[in-house]
Amino acid sequence: MSDRLPRPASPAPRDAAAPRPASSPPSRRAFLATTARTAGVVGLAAACSGCAWFHKKDIDVRAAPEATSIRLAFADHAALKTPNGFVRVSAQDGDLRILVVRLADGRAVAASMECTHWGCDLDWSDARGDFECPCHGSRFDPAGKVLEGPADDPLPTWPVREDADGLTIDLAPT
Ligand code: FES
């Protein structure tokens, strides 16, 4: 009689046609954005705890998912009448996050809050009059043009119409 224990039965081979688990891997874009945000948060937490950057993810206005334009009345958003004042807008169920800024020269611009490098939230620099990324230092001018890398691609921007009572951001594709 053998003193060896019987081997357990092998698991049944996986049926290739069987449905996979419900969860699916995140998209590359979502993965990179999450990684960049995590790295940025860890880095900034070490560099400047309590830093104002942590508030930049706040959203002031959430547009309806189907909205093709966003109205920002001065009565509700007085910052948009002040040089370097800004409002953070979320549209299309959060797919678009837009920073609307009153420039020091009087113009108003609307640009993506999301850095084109790895997706960190951008800040607005009063001193320089540009968009700056707290993660790796990319900078963009008010028209979205890259002023300093590592980002290569410009920021998406949207047309802004102004009248006496407020601003309208046009989200329709051009
Ligand atoms: S995420 Fe790297 S520079 Fe903005």
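From the N terminus on, the elements of the protein chain run α-β-β-β-β-β-β-β-β-β-β-β-β, which comes to one helix and twelve strands. Helices here are DSSP runs of H or I with at least four residues, strands are E runs of at least two, and both are numbered from the N terminus. Please keep in mind that this is a predicted model: local features need pLDDT of at least 70, side-chain atom pairs count only at pLDDT 80 or more, and totals for chains, interfaces and linings use all residues. Residues are numbered from 1 along each chain as its sequence is written.

Let's take the chain as a whole. Of its 174 residues, 25% count as buried. A residue is called buried if 20 or more other C-beta atoms lie within 10 Å of its own, exposed if 12 or fewer do, and partly exposed in between, with C-beta atoms placed from the backbone. Contacts are pairs of residues whose C-beta atoms, placed from the backbone, lie within 7 Å. Among contacts between residues at least 6 apart in sequence, 45% join residues at least 24 apart.

Strands of a sheet pair through backbone hydrogen bonds, either parallel or antiparallel. Two strands are taken as paired if DSSP finds at least two bridges between them.

Strand β4 (residues 96–102) is mostly covered, with six of its seven residues buried. On one hand, β4 is joined by six bridges to strand β3 (residues 86–91), and the two run antiparallel. On the other, β4 pairs with strand β5 (residues 108–112) in the antiparallel sense over five bridges.

Both pairs are hairpins. Four residues lie between β3 and β4, and Q92 in that turn has a positive phi of about 50 degrees. The hairpin of β4 and β5 has five residues between the strands, and here G106 takes a positive phi near 100 degrees.

**The three-stranded sheet**

Three strands form another open sheet in the order β2-β12-β11, with antiparallel pairing. Its edge strands, β2 (69–73) and β11 (160–163), each pair on one side only. The twist from one strand to the next averages 20 degrees, where axes are lines fitted to C-alpha atoms and angles run from 0 to 180 degrees between N-to-C directions. Four bridges join β11 to the antiparallel strand β12 (residues 166–170).

| Residue | Opposite residue | Strand of the opposite residue |
|---|---|---|
| A91 | L96 | β4 |
| R102 | A108 | β5 |
| R161 | T168 | β12 |

**Two residues to look at**

F140 lies in strand β8 (residues 139–140). F140 is buried because 24 other C-beta atoms lie within 10 Å. Leaving aside neighbours within four places in sequence, F140 is in contact with D130, F131, K145, V146, L147, P154 and L155. The C-alpha atoms of F140 and A111 are separated by 9.8 Å, although these residues are 29 residues apart along the chain.

A172 is found in the segment after β12. A172 counts as exposed because it has 8 C-beta neighbours inside 10 Å. From A172 to P159 the C-alpha distance is 9.3 Å, and the two are 13 residues apart in sequence.

Notes: Contact = placed C-beta atoms within 7 Å.
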